Amino acid sequence: MQRKKMILWAVVVLLVIGIAYGVRYFVELRNYRQGIAAIHVQNIDLSAIPDGEYFGDCDVDFIRARVRVLMKDGKMQELELLEHYNDRGEAANVLPSRMLEEQRIDVDTISGATSSCKVIQQAVYNALVGEHAK
């Protein structure tokens with residue numbers, strides 16, 4: 001009888017732990033979706049950005065990116081993706097080269113990696129409108 005009680009308690013404890021993790025996951029998923037929905041990629045006038053090195057990031061729980069942008073003479077000279085934590089958005093890693101080529105932030109996103117693209121674009125925007133770092 002004692003063994004059955006221990007097994008029952010173990011099952012109850014595991015069930016409670018599983019429910020807690022499930023709830024936490026769904027809260028994080030909701031926050032992620034809200035974070036992605038809140039990103040509205042904006043283009044900026046690059047000619048108004050002083051020469052220098054800029055760092056920016058964007059984090060929406062399941063996806064995050066950190067970038068370094070080197071500006072010179074009103075143009076992005078270098079755009080480096082320092083970090084890109086993603087689930088299935090690895091295809092978005094080509095976005096910085098597109099932004100350099102087109103000299104704008106709001107380039108077309110890549111199908112299947114839209115959320116990662118938006119996060120990278122927001123990180124670049126944040127770098128260029130945020131604090132200047134050397």
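Tutor: Keep in mind that this is a predicted model. Let's start with tyrosine 32: its relative accessibility is 16%, so it counts as buried, the cut-off being under 20%.

Student: Which rings does tyrosine 32 cluster with?

Tutor: Ring pairs join Tyr32 with Tyr25, Phe26 and Phe62 in a cluster. The structure has 3 aromatic pairs. In one of them, tyrosine 25 and phenylalanine 62 are tilted, at 6.0 Å centre to centre with 55° between the planes. Tyrosine 25 belongs to helix 1 (residues 2-38) and phenylalanine 62 to the loop between strand 1 (52-59) and strand 2 (64-72), so this pair ties together parts 37 residues apart in sequence.

Student: And what is the geometry between the rings of tyrosine 32 and phenylalanine 62?

Tutor: That pair is edge-to-face, because the planes sit at 75°, over the 60 degree cut-off, with the centres 5.4 Å apart. Here too helix 1 is tied to the loop between strand 1 and strand 2, with the partners 30 residues apart in sequence.

Student: Is phenylalanine 62 buried or partly exposed?

Tutor: Phenylalanine 62 is partly exposed, with a relative accessible area of 25%.

Student: How do I read the pocket, then?

Tutor: Rolling a probe the size of a water molecule over the atoms shows where empty space is left. In this case the largest pocket holds about 250 Å³ of space. Its lining has 13 residues, and Tyr32, Phe62, Ile63, Asp87 and Arg88 lie nearest the centre. By type, the lining splits into 5 nonpolar, 6 polar and 2 charged residues.

Definitions and conventions. Residues numbered from 1 in each chain as written. Predicted model: local features only at pLDDT ≥ 70, side-chain atom pairs only at ≥ 80, totals over all residues. Heavy atoms only, no water. 1 Å grid on protein atoms, 1.4 Å probe; cavity = no way out; pocket = protein on both sides within 12 Å on 5 of 7 lines; lining within 4 Å. Points joined across faces, edges and corners; volume = space filled by probe spheres on them. Nonpolar A, V, L, I, M, F, W, Y, C, P; charged D, E, K, R; others polar. Phe/Tyr/Trp six-rings, centres within 6.5 Å; stacked < 30°, edge-to-face > 60°. Helix = DSSP H or I, 4+ residues; strand = E, 2+ residues; numbered from the N terminus. Buried < 20%, exposed > 50% of the residue type's maximum accessible area, 1.4 Å probe, protein only.
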